Amino acid sequence: MLTIEQLSLAFGRNEPVLEDVDLTLEPGRFMSLIGPSGCGKSTLLRAVTGLQRPSSGRVHLNVERKHVAFLFQDDALLPWRSARDNVALGLRNQGRSKRAARAIADEWLAAVGLDGFGDRWPRQLSGGQRKRVAIAQCLALQPRLLLMDEPFASLDAIVRHYLTSDLLNWVERERLTVLMVTHDLEEAIALSDQVVLLGNGPRAHIKGRFDVPLERPRDLVQVRTDPRFTALAQQLWRALSEEVAPLASGIGRPALKVVNE
Amino acid sequence: MTRLLTGVYLRRTIALVIFLGGWELLSRNGYIDPFYLPPPSAIWGWVQGQFATGAIFPHMQATFGAALIGLALGIIAGIMLGFTAALMPYLAELLEPVMAMLNAIPRVILAPLFIIWLGIDLSSKVALSFILVVVLTFFAVYNGIKDVDYRLVERVRTLGGGPLVLIREVYVPSVVAWVMGNLKVAVGFAFTGAVVGEFVASARGLGYLLSYAQSTYNATMTMALIFLIMVFVMILFTLAGLLERHLLRWKYA
């Protein structure tokens with residue numbers, strides 16, 4: 001589905017944030033990228049969508065661009081378009097008529113739990129509802145590859161839980177291939193087949209690839225009590241700490257979330 | 001609505017009535033010289049007379065014509081210049097300092113020049129209105145496009161939108177928002193341009209009447225004209241506000 005070869009990414013003439021990255025994502029797999037902030041994981045995702053040009057190496061997509069959807073970190077929608085028209089936009093770009101696109105948009109809004117919200121302006125929606133619109137915007141394109149950049153980072157815990165499990169249901173039902181960037185280690189393990197750990201930037205490299213030995217589909221709550229989950233979490237936590245520690249040594253103990261043991 | 005009528009609006013109305021009533025009494029009883037400060041009834045009488053005979057209409061037509069033509073041309077040219085400058089950095093390099101300078105000076109000082117170039121008819125007033133509005137609109141659009149929310153541009157691109165879709169979905173609505181946000185100021189500027197232009201040299205218009213009133217030391221007429229121009233601008237402000245609320249309804253909903 002997606003092959004990344006010897007990819008390096010830099011902003012302008014600065015030192016590359018990310019160097020010599022190789023990744024292969026097979027169809028139907030769910031891969032998470034984790035790493036300390038500033039390691040270029042979001043930039044890597046942007047390179048896959050074509051928003052960021054590689055300074056060397058290549059990104060090979062084995063799927064048409066129109067079948068790739070990108071769920072961004074924030075929930076910025078076009079403020080001057082209704083929820084319906086925000087969802088319809090991608091469909092119209094695929095050449096559908098305004099009317100057909102709006103009809104499909106309404107169906108997807110209903111599918112993400114926003115039945116009857118089509119006429120609302122984005123500022124009339126809550127953060128969670130805007131996120132749902134953004135999800136509908138992505139899913140309406142019937143993507144085969146879904147890219148997500150810390151999609152639920154800005155939401156409170158309860159909304160986050162429900163949105164994550166809803167989205168996971170879609171991923172399972174449509175057998176979507178997913179590449180997700182997150183800084184939440186547990187979220188990464190709970191959702192993915194493989195977790196890829198990036199090191200510190202600049203010139204970040206892949207520090208490790210961890211297969212998640214848990215069957216799918218998973219129950220997001222129960223999976224966290226599985227001994228294989230906690231074992232992997234500890235292993236990943238140690239690996240991540242090695243990357244974070246050099247940065248944090250100057251300011252004492254890293255104030256990061258402790259994995260339940 | 002009833003709460004508004006009994007609240008702040010009621011208190012304002014009472015204050016206004018007391019103010020005007022006091023003024024009227026003081027002026028009529030000789031406490032203040034009506035030569036300098038004529039009573040409100042005299043000012044209102046002049047306005048009524050003008051509308052009854054229709055004598056004011058050609059003057060209103062001249063001023064409104066100049067202001068509205070200047071406003072329309074200024075907005076159109078401002079949008080076009082702002083758009084091109086934002087998309088063509090080389091043009092912006094040349095245009096920005098000129099506009100910044102025009103923005104810094106009180107642009108009404110150009111009035112005598114426009115009179116020399118274009119004569120005392122409508123065109124010199126339109127030109128002054130135009131120059132006041134175009135600079136304002138240029139900066140609104142130019143900065144508006146440069147400050148377009150880049151996240152929205154990326155959203156539209158990842159949703160498969162090309163340059164035309166970007167212009168339709170992101171740039172044009174952004175520009176509309178910026179121009180509408182400045183529309184009330186632009187209306188005020190357009191009127192200023194027309195009236196000042198007429199004041200400097202003309203044979204018609206509210207500014208011309210004002211200049212005539214001043215040269216004949218007619219305080220009644222002067223204050224009546226100031227009052228009229230105030231009312232007209234308020235009406236245009238209200239219309240501009242309604243248009244803004246309609247076009248930017250996504251913001252006010």
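**Reading helices and cores in a predicted model**

Helix α2 of chain A, residues 83-93, is mostly covered, with eight of its 11 residues buried. The model is a predicted one.

Me: Which residues of α2(A) are buried?

Reply: An α-helix has 3.6 residues a turn, so residues three or four places apart point the same way. In α2(A), the buried residues are Ala83(A), Arg84(A), Asn86(A), Val87(A), Ala88(A), Leu89(A), Gly90(A) and Leu91(A).

Me: What do the buried residues of α2(A) pack against?

Reply: Within chain A, they pack against α3 (98-111) and α4 (127-139). In chain B, they pack against α8 (150-158) and α9 (163-181). After the helix comes Gly95(A), with a positive phi near 100°.

Me: How many helices and strands does chain B have?

Reply: Chain B has 13 helices and zero strands.

Me: What is the radius of gyration of chain B, and what would a compact globule of 253 residues have?

Reply: Chain B has 23 Å, whereas a compact globule of 253 residues would be near 18 Å. The C-alpha trace spans about 75 × 55 × 30 Å along its principal axes. As for burial, 44% of the 253 residues of chain B count as buried.

Me: What share of the contacts in chain B joins residues 24 or more positions apart?

Reply: Among contacts with a separation of 6 or more, such pairs account for 70%. A separate example, given as a C-alpha to C-alpha distance, is Gln61(B) and Gly205(B): they are 144 residues apart in sequence and 7.3 Å apart in space.

Me: Is Gln61(B) buried or exposed?

Reply: Exposed means over 50% relative accessible area. Gln61(B), found in helix α4 (residues 57-87) of chain B, is exposed because its relative accessible area is 55%.

Me: Which members of the largest nonpolar core touch the most other members?

Reply: In soluble globular proteins, nonpolar side chains tend to be buried together. Here the largest nonpolar core has 58 residues, and Trp46(B), Ile56(B), Val170(B), Phe191(B) and Leu225(B) touch the most other members. Helices that each supply at least two residues of this core include α3 (40-53), α7 (122-146) and α10 (183-200) of chain B. The largest share, nine residues, comes from α12(B).

Me: Which residues is Leu225(B) in contact with, leaving aside its neighbours within four places in sequence?

Reply: Leu225(B) is in contact with Trp46(B), Ile56(B), Leu206(B), Leu209(B), Leu210(B) and Ala213(B). Apart from this core lies another, of 56 residues, among them Leu91(A), Leu167(A), Val223(A) and Phe229(A). Leu91(A) is also one of the buried residues of α2(A).

Key: Residues are numbered from 1 along each chain as its sequence is written. Chains are lettered from A and ligands numbered from 1 in the order in which they are written. This is a predicted model: local features need pLDDT of at least 70, side-chain atom pairs count only at pLDDT 80 or more; totals for chains, interfaces and linings use all residues. Side-chain values use heavy atoms; hydrogens and water are left out. Helices (H or I, at least four residues) and strands (E, at least two) are DSSP runs, numbered from the N terminus. The radius of gyration is taken over C-alpha atoms; the globule rule is 2.2 Å times the number of residues to the power 0.38. Buried means under 20% relative accessible area, exposed over 50%, partly exposed in between (1.4 Å probe, protein chains only). Contact means heavy atoms within 4.5 Å. A nonpolar core is a set of buried Ala, Val, Leu, Ile, Met, Phe, Trp, Tyr and Cys residues joined through side-chain atoms within 4.5 Å.
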